[in-house]
Amino acid sequence: MKKALLLLAFTPTMALAQERTFNCEVPNGKLPEMAVTLVAIDDGHDGYLMMDGEKKTASVYPGLDSVTYLMFSDDYSYTLHYNVNLKDGHFDFSASGAKSGWGRGTCTEVTG
């Protein structure tokens, strides 16, 4: 009986997958990549972004007061980087490679 209880103590429990979603926009609309929906799944380690109706896989790196999304294009010709400040909703954006640019905008969390 003790062995069964010990085994249960070390067996991972199944948690419900939670999503954290941010709708992001830029005031002057300079870069279309900045108008995006960022989604973190699996406790914030995987995710995707929705841009112009397309779903693109992204790596998600949670921090203390921010969450970072990093997306590589399918052919690795460019990367998109979003860093969302969880306290005030502002985000920093940068693109490199075939797409380049940077900017700042605002995100609104729609799930939590």
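This is a predicted model: local features need pLDDT of at least 70, side-chain atom pairs count only at pLDDT 80 or more; totals for chains, interfaces and linings use all residues.

Residues are numbered from 1 along each chain as its sequence is written, and side-chain values use heavy atoms, with hydrogens and water left out.

**Barrel and strands**

- Eight strands form a closed barrel in the order β1-β2-β3-β4-β5-β6-β7-β8, with antiparallel pairing; strands are DSSP runs (E, at least two residues) numbered from the N terminus, and two of them pair if DSSP finds at least two bridges between them.
- On average, neighbouring strands of this sheet are turned by 30° against each other, direction ignored, where the axes are lines fitted to C-alpha atoms and angles run from 0 to 180 degrees between N-to-C directions.

**Strand β5 and its partners**

- Strand β4 (residues 54-62) pairs with β5 in the antiparallel sense over four bridges, and P62 has V67 in β5 as its bridge partner.
- A hairpin of three residues leads from β4 to β5.
- On the other pairing, β5 and strand β6 (residues 78-85) run antiparallel and are joined by seven bridges, with S66 opposite N85 in β6 and F72 partnered by T79 in β6.
- Five residues lie between β5 and β6 in their hairpin, and Y76 in that turn has a positive phi of about 60°.

**Nonpolar core**

- The largest nonpolar core has 23 residues, of which L38, Y69 and Y82 touch the most other members; such a core is a set of buried Ala, Val, Leu, Ile, Met, Phe, Trp, Tyr and Cys residues joined through side-chain atoms within 4.5 Å, and buried means under 20% relative accessible area with a 1.4 Å probe, protein chains only.
- At least two residues of this core come from each of β1 (20-25), β2 (36-41), β3 (46-51), β4, β5, β6 and β7 (90-97), and β6 gives the most, with four residues.

**Largest pocket**

- The largest pocket holds about 200 Å³ of space; a pocket is an open set of points on a 1 Å grid over the protein atoms alone, where a 1.4 Å probe fits, with protein on both sides within 12 Å along at least five of seven lines.
- Its lining comprises 13 residues, of which E19, R20, A40, D43 and G44 lie nearest the centre of the pocket, and lining residues have an atom within 4 Å of a point.
- Strand β5 (residues 66-72) supplies the largest share of the lining of the largest pocket, three residues.

Conventions
Grid points are joined across faces, edges and corners, and a volume is the space filled by probe spheres set on the points. Buried means under 20% relative accessible area, exposed over 50%, partly exposed in between (1.4 Å probe, protein chains only).
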